Amino acid sequence: MNLKSAWSRRSFLSTFSVALGGLWSVRNAKAATLMAGGPYTAPLGGGASAIRSGLGSTGDIYAELGVVPVINGAGTYTILGGSLMYPEVIEAMRLGNEKFVNINDLEVAAGKKMAELCKMPEGYTGLVTAGAAAALLVGYAAILTGDNPQYIQQIPDLTGMPKSEVIIQKSHRYPFDHQVRQTGVKLVEVVTREDLIAAINPRTAALHFTNLFNEKGHVKVDEFVQIAHQHNLPAFNDAAADTPPISRLWKYTEMGYDLVTFSGGKDIRGPQAAGLLMGKQELIRCALLNMSPQEDTIGRPCKVGKEEICGMLKALELFVASDQDAILKQYYAQLGRISDVVTKIPGVKTSYDFNPKQIANHTVSLKISWDPDKISLTTKQVMQQLAATRPRSIRVGGNGDDEKKSKNPAVEVTAWQMQSGDELIIANRLSEILQSAPSAS
Ligand SMILES: *Cc1c(COP(=O)(O)O)cnc(C)c1O
């Protein structure tokens, strides 16, 4: 996966929509034959069903609904379903569904469990939210309203309220600042450290940091929170996609950030509609006042059920205890199998791409490139053919900035969210596509 350019996931997404529009109905009989007898095993479930009749009884609920399932060689994309939960997480959700409970009491207890698992400093706690985007909304709502019932009811109308601005570095603007703006605040863009300090005024509510852009901004993650605190302002760090490493879960609260969020449904593998908000106890208390189950609040659409809360905590517990070195080794092994198969084709080369400096979506990927003089296919054409594969569509990453340059065609495959066995399906299908290309003469 290539996230070197600003929000370059867009290139992946645009190819996805092309595939949706253009190739949705393409049938590939040859691929279907290959798949049917394929080596696919699904350690995370799959195949059998406990449901005896009706929807789900065949064990392939997506086929029953007529929706094409995906082999994920691309990573944690919300549009592809993010990640898969481990059976223990599903079991925790099932247990959560066995009894009624007061959701506010459960949230407070979940916060304590989160504080323990994420080694939060004294005076911090957590909240299970409906994802990191929801955490941004209810976190900023908390900063703006405190526990004032009038303010909680009126936002995003900030009339008569003391604060209405959030400062952000220009290079940290991103699609999720929509959730900050959703609270009614105005974002004030700054570039340098001096701009940042000069922009602070009595209307300033908080300072926002987008963790993955740490390198791009003038003010880095540690200095940013210091400046906020020197001016008695809270700082929020959005680190949604920034695990692994596991230690990121405690790094930013340790630095003093007042609020920090992580997605629950990315590599932590919790329920898709869940996320973690951690922060100073008073802010977390006010964030809960601004969200479901409380009514007449800005966060009422951000509902988290008892099942998501239980599943999220179990996923977090498993993630904190996981052996990331062993997991990475397994990813290298899966990618190695793909490399072994495709490099048999003349003109095809592979290399591992692992950038230790990358903050978000930190994992290894295999870059598969080909000589366009020997194989006359563009990156886009290969991605489209992979996406048109049946019975499961294959999704991989593009070649970032090189994608448009037909001179260096390549795709990037990650084993990050790939189910074991899927690497062989990708390897065989990719070989088939590359070998069937009209050879350039
Ligand atoms: C994915 C992501 C989000 C949104 O997270 P959800 O858990 O899907 O709501 C917010 N910020 C960043 C930087 C992200 O990568």
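Two strands are taken to pair if DSSP finds at least two bridges between them, and helices (H or I, at least four residues) and strands (E, at least two) are DSSP runs numbered from the N terminus. The structure is a predicted model, in which local features need pLDDT of at least 70 and side-chain atom pairs count only at pLDDT 80 or more, whereas totals for chains, interfaces and linings use all residues. Residues are numbered from 1 along each chain as its sequence is written, and side-chain values use heavy atoms, with hydrogens and water left out.

Strand E10 (residues 365-370) is joined to E12 by five bridges in the antiparallel sense, with Ser365 opposite Thr414 of E12. Both strands belong to an open three-stranded sheet of order E9-E10-E12, whose pairing is antiparallel. Strands E9 (348-353) and E12 (410-414) each have a single partner strand and stand at the edges, so one side of each lacks a neighbour in the sheet.

Strand E6 (residues 235-238) runs parallel to E7 and is joined to it by three bridges; Leu259 of E7 is the bridge partner of Phe236. Strand E8 (residues 275-280), by contrast, is antiparallel to E7, with five bridges between them, and Met278 of E8 stands opposite Val260.
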